[in-house]
Amino acid sequence: YTRSNYAEDIGMNARIAELQAAILRVKLRYLSGWLARRLQIAQRYVDDIHVEGIRTPFQHPDRVQSYHQFVIRCEQRQRVIDHLTAHEIAHGIHYPTPVHQMPPYARLVRHPLPVTERASAHILSLPVHEALTDGEVERVIVALNSFELHTGA
């Protein structure tokens, strides 16, 4: 993972340059369309990924997510990563180290957080960028659906 997912110190940077603000102001016009496309991609994943040992995110019936990330849970994450890599499918691990285990926050939590730690060990992000084509989304689905869970038996 990259060091950008790990904090040595508590900090914040909320500044934005004028040029960045100008660009973002133009991009805001497209935001609702981009969010709709991400939702469409996420729905395809939820509807079409059917693999033992892989869970897609829970979708609350009364809420709409933005799907900044599409995070699945994998019982055998490294094997799923290897499988996706072999199929040239991009993926990511966001928050590989739980926040409570990073130095600036470790002093605040003096006991294990087993649900958080288990989630951190099993989560994997799939591509969900609004520029993905239907064909690319299908490629992700087909690649994942060809994964076979080894149970060790």
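Residues 24 or more positions apart account for 76% of the contacts in the chain with a separation of 6 or more, where contact means heavy atoms within 4.5 Å. The structure is a predicted model, in which local features need pLDDT of at least 70 and side-chain atom pairs count only at pLDDT 80 or more, while totals for chains, interfaces and linings use all residues. Residues are numbered from 1 along each chain as its sequence is written, and side-chain values use heavy atoms, with hydrogens and water left out.

**Overall layout**

- The chain has six helices and three strands; these are DSSP runs numbered from the N terminus, with helices being H or I of at least four residues and strands being E of at least two.
- Read from the N terminus, the order of elements is α-α-β-β-α-α-α-β-α.
- Along the principal axes, the C-alpha atoms fill a box of roughly 55 × 45 × 35 Å.
- Of the 153 residues in the chain, 30% are buried (buried is under 20% relative accessible area, exposed is over 50%, and partly exposed is in between, with a 1.4 Å probe and protein chains only).

**Nonpolar core**

- The largest nonpolar core contains 26 residues, and Y45, I54, F70 and L126 have the most contacts inside it; such a core is a set of buried Ala, Val, Leu, Ile, Met, Phe, Trp, Tyr and Cys residues joined through side-chain atoms within 4.5 Å.
- At least two residues of this core come from each of helix 2, strand 2 (70-74), helix 3 (77-86), strand 3 and helix 6.
- Helix 6 gives the most to this core, with five residues.
- Not counting residues up to four places away in sequence, I54 touches I49, I72, R73, C74, V80, L144 and F147.

**Nonpolar surface patch**

- V26, L28, Y30, L31, W34 and L35 form a nonpolar patch on the surface, with about 520 Å² of accessible area together.
- Patches are made of residues with over 30% relative accessible area and no salt bridge, with like charges joined within 9 Å and nonpolar side chains (Val, Leu, Ile, Met, Phe, Trp, Tyr) within 5 Å; a salt bridge is a side-chain nitrogen of Lys or Arg within 4 Å of a carboxyl oxygen of Asp or Glu.
- Helix 2 (residues 31-48) supplies the largest share of the patch, three residues.
- L31 belongs to helix 2 and counts as partly exposed because its relative accessibility is 37%.

**Buried polar residues**

- E130 lies in the loop between strand 3 (123-126) and helix 6 (134-145), and is buried at a relative accessible area of 17%.
- The side chains of E130 and R38 are joined by a polar contact of 2.7 Å (a pair of N or O atoms within 3.5 Å; within protein, one must be able to donate a hydrogen and the other to accept it, and residues adjacent in sequence count only if both atoms are side-chain atoms).
- Beyond its neighbours within four places in sequence, E130 is in contact with W34, R37 and R38.
- S125, in strand 3, counts as buried at 5% relative accessibility.
- The side chain of S125 makes a polar contact with that of H94 (2.7 Å).
- Leaving aside neighbours within four places in sequence, S125 is in contact with Q69, F70, V71, H91, G92 and H94.

- Q76 sits in the loop between strand 2 and helix 3 and is partly exposed, with a relative accessible area of 22%.
- Q76 and L149 are 73 residues apart in sequence, and their C-alpha atoms are 7.6 Å apart in space.

Terms used:
Areas by Shrake-Rupley, 256 points an atom, 1.4 Å probe, with all protein chains shown as cover.
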